[in-house]
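Student: I would like to learn how to read helix packing and aromatic pairs. Can we work through a case?

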Amino acid sequence: MSGLAHYLEDEGLATVIVALVREHIVSMRPPRALWIPFELGRPFGAPGNADLQRRVLRASLALLDKPASAPLLEEFSEAVPLDDDTDWRFSGALDSTGVLAEAASVTPIWNKACERLQRTTVGISGLAPAAAVEFIERFHSADPMLNPRGMAPVSRARFAVDDIKAFYFEAALAQGGHPSARQLHEWFWNGTLAGALLREFQERARVSDDKNLRLIASSLVPAERCYWFLHGLESP
């Protein structure tokens, strides 16, 4: 969208970008942008909050009244509103003896979620959920899991990470409820062995000698959950 803004401005059309990823705006330098500190997919805030959405819209349109001789980037000043479901709890008990045991304990809960939702997004790696966890756990070991034909190991690892996250997040919805993205992320990244496994895998990928692993590292774990972010280091 930032590139398109430059093109439209060259044709005489004024533009404003409502941006969720600050790094992209800083890099692309569109003429006018309002950075919104909301979660991805919600540039105008939580669904149903019309007052907040109007305030975001007014703040973005107000940029059109300001001089744009240089790239203009402003930050939406309101704090991120919480939309937590205070009644939500994960419906099962997680086996804490190891990440594979934990995945096994999640599987029957995930099966119930699939029945309730009548769909799943798990499967792009070509591995069953527990196998995806094992693939990542053994990826950097002296005894890596055999990679099935049809996909390069790094590509399968990238998709296995996505499958693991989907597997756990779908299981979290087995009993319904409306947990916020913040709740789900706090539960997964800070409360499960799988979350810890993916953070460790991301760190190994970030400093790997394999350039293909380094290329996927930044897309594995949300930035705010990464070791480099939490410790004030430079991003990958």
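Predicted model: local features only at pLDDT ≥ 70, side-chain atom pairs only at ≥ 80, totals over all residues.

Student: What describes two packed helices?

Tutor: The angle between their axes and the distance between the axes. Here, the axes of α4 (residues 99-117) and α5 (residues 129-137) come within 9 Å and cross at roughly 160°. The two helices are therefore roughly antiparallel (angles over 145 degrees).

Student: Which residues of α4 and α5 meet?

Tutor: Val99, Leu100, Ala103 and Trp110 in α4 meet Pro129, Ala130, Val133, Glu134 and Glu137 in α5. Contact means heavy atoms within 4.5 Å. The contact residues comprise seven nonpolar, no polar and two charged.

Student: How many aromatic pairs does the whole structure hold?

Tutor: Eleven. Ring centres must lie within 6.5 Å, and planes over 60 degrees apart count as edge-to-face. Phe139 and Phe201 make an edge-to-face pair, 5.5 Å centre to centre with 90° between the planes. Phe139 sits in the loop between α5 and α6 and Phe201 in α8, so the pair ties together parts 62 residues apart in sequence.

Student: Are Phe139 and Phe201 buried or exposed?

Tutor: Both Phe139 and Phe201 are buried, meaning under 20% relative accessible area with a 1.4 Å probe, protein chains only.

How values were computed
Residues numbered from 1 in each chain as written. Heavy atoms only, no water. Axes fitted to C-alpha atoms, helices over the stretch in contact; angles between N-to-C directions. Helix = DSSP H or I, 4+ residues; strand = E, 2+ residues; numbered from the N terminus. Parallel < 35°, antiparallel > 145°, perpendicular 65-115°, else oblique. Nonpolar A, V, L, I, M, F, W, Y, C, P; charged D, E, K, R; others polar. Phe/Tyr/Trp six-rings, centres within 6.5 Å; stacked < 30°, edge-to-face > 60°. Buried < 20%, exposed > 50% of the residue type's maximum accessible area, 1.4 Å probe, protein only.
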